[in-house]
Amino acid sequence: MSEKIIIFDTTLRDGEQSPGASLNVYEKLEIARQLAKLKVDVIEAGFPVSSPAQFEAVKRIADESEVIIAGLSRAKEIDIKTAFDALRNAKHPRIHTFSSTSDYHILGKFGDSKYGATLEEKRKTVLKMSYDAVAYAKTYCDDIEFSAEDAGRTDIGYLADIIETAIEAGATTVNIPDTTGYTFPSEYGAKIAELKRRVKNINKAIISVHCHNDLGLAVANSIAAIQNGARQVECTINGIGERAGNASMEEIAMALKVRKDICDFYTGLNHSEIYNTSRMVSGFTGIVVQPNKAIVGENAFAHESGIHQDGMLKNRETYEIMTPETVGVNKTKIVLGRHSGRHGLKSRLIELGYHPSEDELGKAYEAFLEIADKKKEVFDDDLRVLMGDEIYKEEELYELKYMHVNAGTGTIPTATVQIHSGDKIVQESSPGDGPVDAVFNAIERALGIKPTVESYNVRSVTSGRQALGEAIVRIREGEKSFNGRGTSTDIIEASAKAYLQAINHYLVFNEIKLEVFEKEEMVK
Ligand code: KIV
Ligand code: ZN
């Protein structure tokens, strides 16, 4: 009989660890609501002890969601307590605690002799820490998940011991992560099967898997694990996550649906919300979905060659194993225009999965009118990028209010920008190597900072010469990078907005207030 696979979404936790991705609390709330609409079973909302912003986001999601909400914690009392504080009002709270179990991790993280003189002693210490962490978490709630970090490279005998210990302490889900994306499907599947054989109390817990994509095998590994006894998969929308990312939810979901004939499992997902969710996550994180990405890429259902098109016209099944409609890709484009009105905009946004407050709707409507003025027809994709473009703002952001660029053949490009924060304004001008360089220089002068620009990309969102241009800028400061995204029919303006958004993400993350805006005298 067909068995259910529990979908554990970690877009807001592991996914947010993608280079450059940083989501504010309002964006996280919107994604959590959309994940609920997609009908995932568990939402891992964040790592509460890691920062006040993470705590706040987990708490806000836990306060309102009907879904199981998980909060991550290391195997430490302070982490576990903080995770539960954030989850306290959740209808279904889950504490997710983890220990490092491979020799690489144990020797790397527990090198100090206080954890034991030999590897064997250190392993015992980790075993005890894991037991204590789960038992402590159990004093707060019943639903406890334990993860053996780097299980993919952990010795099977030790892994079996630690999993048995975690279940003994009260873990209801045991997760076997392939943290480094190292394993092969046959090897990983065999590991799950072996754990089922060796761990005496394994039937008291659900086996979960969490695969990273370093070798491009995350989805294949997750499916191999399901075929060998895993009943929960941890995954992210668009496969985002640390380094090469996590297993992509949409790929696992559709593989199970399309190949039910050889892999008889089902999920509770509402597949027709996959595309909306994918686009929302891309919009808020600034991580563009590659065009050839399975299921949700722009070309996933495009047929280019004449032979393919001809085959499709005669019978869709010639070249199509699933229909775009199944995942919510709408081939008939819904168009809004200048006369659509605030109400029309609101109902279309709700259909696309957004729940703007009156204030946010006001901002979205202003941005919509600006676009509608310039390009007459506004498509869903325009609306999605518009919503990713600072509609869900945090307070105290620095905003581009005015920009003027002089550029042309034979002239030195120069730009002037005016940046606002609250009622304060600064204005600066600068030359540059080109119009984009000039405007970036002017922003840097105005703010008095000069971040390292790691990447800069521009593309058009919809087709035609009046298409919205979308710019994505990634800046790096120390260990961490920050994405910014800007849209406009003017690509220089889109670039300036993207750069400023990346800077805002950096400043908010580090709780930095810029000196130039703290002065009494400001340019007006
Ligand atoms: O990749 C990993 O091992 C993790 C754990 C914290 C589950 O993300
Ligand atoms: Zn991970």
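Biologist: Which side chain meets glutamate 56 in a salt bridge?

Modeller: This is a predicted model, where local features need pLDDT of at least 70, side-chain atom pairs count only at pLDDT 80 or more, and totals for chains, interfaces and linings use all residues. Residues are numbered from 1 along each chain as written, chains are lettered from A and ligands numbered from 1 in written order, and side-chain values use heavy atoms, without hydrogens and water. A salt bridge is a side-chain nitrogen of Lys or Arg within 4 Å of a carboxyl oxygen of Asp or Glu. At 3.6 Å, N to O, the partner of glutamate 56 is arginine 60.

Biologist: Where do glutamate 56 and arginine 60 both lie?

Modeller: Helices (H or I, at least four residues) and strands (E, at least two) are DSSP runs, numbered from the N terminus. The two residues are 4 apart, about one turn, and both sit in helix α2 (residues 52-64).

Biologist: How many salt bridges does a search of the whole structure find?

Modeller: The pair of glutamate 56 and arginine 60 is a salt bridge. Searching the whole structure gives 39.

Biologist: What about the metal: which residues coordinate the zinc ion (ligand 2)?

Modeller: Donors are N, O and S atoms within 2.8 Å of the metal (3.2 Å for Na, K and Ca), and with water not among the atoms, sites may look incomplete. Along the chain, the donors have the spacing D-x195-H-x1-H. At 2.0 to 2.1 Å, they are Asp14 (OD), His210 (NE2) and His212 (NE2).

Biologist: How far apart in sequence are the parts that aspartate 14 and histidine 212 tie together?

Modeller: Aspartate 14 is in the loop between β2 (6-9) and α1 (25-38). Histidine 212 is in the loop between β8 (206-211) and α8 (218-227), so the tied parts are separated by 198 residues.

Biologist: And how much area do domain 1 and domain 3 bury between them?

Modeller: An automatic or database assignment sets the bounds, with domain 1 at 3-285 and domain 3 at 399-518. Buried area is the accessible area (1.4 Å probe) that two parts lose on being put together, summed over both. With 34% of it on carbon and sulfur atoms, the total is about 610 Å².
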